[in-house]
Amino acid sequence: LRAYYHLKLLLNWEKIVVRDQYITSEGKINKALSTRDEAWAFIIGDLEAAVGNLPIKQEATNVGRATRGAANAYLGYSYLTSAYENTAKKEELLGKAEQAFKAVSGYSLEKNFLSMFDGTNKNSAESIFELQFTDNTANGASYRTALHKWIAVGELGGWDEILPSKMLLDEFKKEGKIATTGRYDSRMYQTVFCNDPYFNDLKNGGVYGFTYDEIFGAGSDRASFRKYLPRTAADLDKSRTAVNLPLMRYADVLLLLAETLNERNRPAEAIPVINQVRQRADMPALPLNLSVTEVKKRIAHERIVEFALENTRFYDLRRWGKAKEALQAVGRNSFDPARHNFYPIPLLEIKSNDKIN
């Protein structure tokens, strides 16, 4: 967990304070920022130690706690991300990333994609690490969340705070209706409610038992995220729910492995890995003769539609050096990578730590 928290800090701030000991006195608060290489080395060291000490699988009473698979997944992610930053050691770091990703075993892709996000399939066969919630309120416990209210639109009793973008919907439809179902990419229907015949056919469940037209109005172009909304209308009406949040899934490991292989100039090995993820979405396999450049584009597409709303997109863009280009494409023209790639150091940190200025 120490590695995980430092990793999250390093993904959001250009430089961080590495905390490698408990603070037992005021003077220990004062510590200088580490370089990114120093921070990566610390994170990777902790994750390598975790790989050697964590169990492959937790006992039933400890389901949800970190496993060796989680340590290897985040170790691979750390090596891959740092490889883009340290070009002198890129090939060495990519090799270690590949090794770590390939060591993640015992997981499989869940055919019912939506079940991982609606509370019906917690800690699934695909789940490597996820944030745990529960409806158990014994002894005053309160481990629930109002995330569904932030995500749902007003028509569903939500707060209209987090909405699917036109870019996302366009990406889902990009390849056309080529899925084996005769529709668009199956992930679209599991990720969003939108104006599509699928949601006007109650045999598919509609929108909580109603047609799209009944909820949003005929001819509407309104869309709402479906991901993270509870399965039943009764739970949707609750102020708090206990839907878990997957933080690392096997699909992510597969696509990160494919990216690593492609960066090592081995696209023919990357494509079958991508196809595993596409098959779950009922999408046809990619041909094996794609170039490195073409595979990069395919990975970018797959990561958009696979991980919508899972907090991966900006880190992907920054890793690839594409943040400014992608934001400008959707009208966000004020983005300056030199200023906006990372958050500024919080004023409270500067005031409380004499070695930060």
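**Entry 1: terms first.** A pocket, as I use the word here, is an open set of grid points with protein on both sides within 12 Å along at least five of seven lines. I am working on a predicted model, so I keep that in mind throughout.

**Entry 2: the largest pocket.** I began with the open spaces. The largest pocket has a volume of about 1700 Å³. I counted 50 residues in its lining, and M167, I304, R313, L317 and A326 lie nearest the centre.

Which helix gives the largest share of this lining? I found that α12 does, with 9 residues. Helix α12 covers residues 292–306, and I noted α1 (2–12), α6 (166–173), α10 (250–263), α13 (313–320) and α14 (323–329) beside it as elements that each supply at least two lining residues. I then sorted the lining of the largest pocket by class and got 24 nonpolar, 10 polar and 16 charged residues.

**Entry 3: the second largest pocket.** Next I turned to the second largest pocket, which holds about 620 Å³ of space. Its lining has 26 residues, with L1, G64, R65, A66 and F129 closest to the centre.

Where does the largest share of this lining come from? I traced it to α1, which gives 4 residues.

Entry 4: How many cavities of 30 Å³ or more does the whole structure hold? My search of it turned up 2.

The largest cavity contains about 40 Å³ of space. I listed L247, M248, R249, D252, F307, E310 and T312 as the residues that line it. Strand β4, residues 245–249, gives the most to this lining, with 3 residues. The class count for the largest cavity came to 3 nonpolar, 1 polar and 3 charged residues.

**Entry 5: the other cavity.** I put the volume of the second largest cavity at about 30 Å³. Its lining is made of T145, L147, H148, Y228, T241, V243 and L245. How many charged residues are in this lining? I found none, alongside 4 nonpolar and 3 polar residues.

Notes
Residues are numbered from 1 along each chain as its sequence is written. This is a predicted model: local features need pLDDT of at least 70, side-chain atom pairs count only at pLDDT 80 or more; totals for chains, interfaces and linings use all residues. Side-chain values use heavy atoms; hydrogens and water are left out. On a 1 Å grid over the protein atoms alone, a cavity is a set of points where a 1.4 Å probe fits but cannot get out, and a pocket is an open set with protein on both sides within 12 Å along at least five of seven lines; lining residues have an atom within 4 Å of a point. Grid points are joined across faces, edges and corners, and a volume is the space filled by probe spheres set on the points. Ala, Val, Leu, Ile, Met, Phe, Trp, Tyr, Cys and Pro count as nonpolar, Asp, Glu, Lys and Arg as charged, and the others, Gly among them, as polar.
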